[in-house]
Amino acid sequence: MTQPVNAVLAAEFPAVPRPAVERCVADVWACAEHLGVEVTPAIIERIAREHLLAMINSAPPSSR
């Protein structure tokens, strides 16, 4: 179920290694389930996208 989300986000964030994208999606999915949030691919994609944006924006300028 996470494969389409992984593919979309990996294409959107080519600077992030694919395994890191997949780990982010899996972590978001697990956290959402743990918190009792309704888990849908669309919700997981939105939350994971925010996490990946934070990763990109927090990187030192020399590694962007």
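Me: What does the pLDDT say about the protein chain?
Reply: The chain averages a pLDDT of 93, and 97% of the residues score at least 70. The pLDDT is the predictor's confidence in each residue, from 0 to 100. This is a predicted model in which local features need pLDDT of at least 70 and side-chain atom pairs count only at pLDDT 80 or more, while totals for chains, interfaces and linings use all residues. Residues are numbered from 1 along each chain as its sequence is written, and side-chain values use heavy atoms, with hydrogens and water left out.

Me: How many salt bridges are in the whole structure?
Reply: A search finds 4 salt bridges. The term refers to a side-chain nitrogen of Lys or Arg within 4 Å of a carboxyl oxygen of Asp or Glu.

Me: Which residue meets glutamate 12?
Reply: Glutamate 12 forms a salt bridge with arginine 49, at 2.8 Å from N to O. Glutamate 12 lies in helix H1 (residues 3-12) and arginine 49 in helix H3, 37 residues apart, and the pair links distant parts of the chain.

Me: And where does glutamate 45 come in?
Reply: Glu45 belongs to a network of salt bridges with Glu12 and Arg49. The closest N and O atoms of glutamate 45 and arginine 49 are 2.7 Å apart. These two residues are 4 apart in helix H3, so about one helical turn separates them.

Me: Changing topic, which residues of H3 are buried?
Reply: They are Ile44, Ala48, Arg49 and Leu52. These residues cover an arc of only 135° around the axis, which means that they lie on the same side of H3. The arc is that of the directions from the helix axis to the C-beta atoms. Buried means under 20% relative accessible area, exposed over 50%, and partly exposed in between (1.4 Å probe, protein chains only).

Me: What do those buried residues pack against?
Reply: The buried residues of H3 pack against H1 and H2, where contact means heavy atoms within 4.5 Å.

Me: Which residues are exposed on the other side of H3?
Reply: Ala42, Arg46, Glu50, Asn57 and Ser58 are exposed there.

Me: Is glutamate 12 buried or partly exposed?
Reply: Glutamate 12 is partly exposed, with a relative accessible area of 39%.
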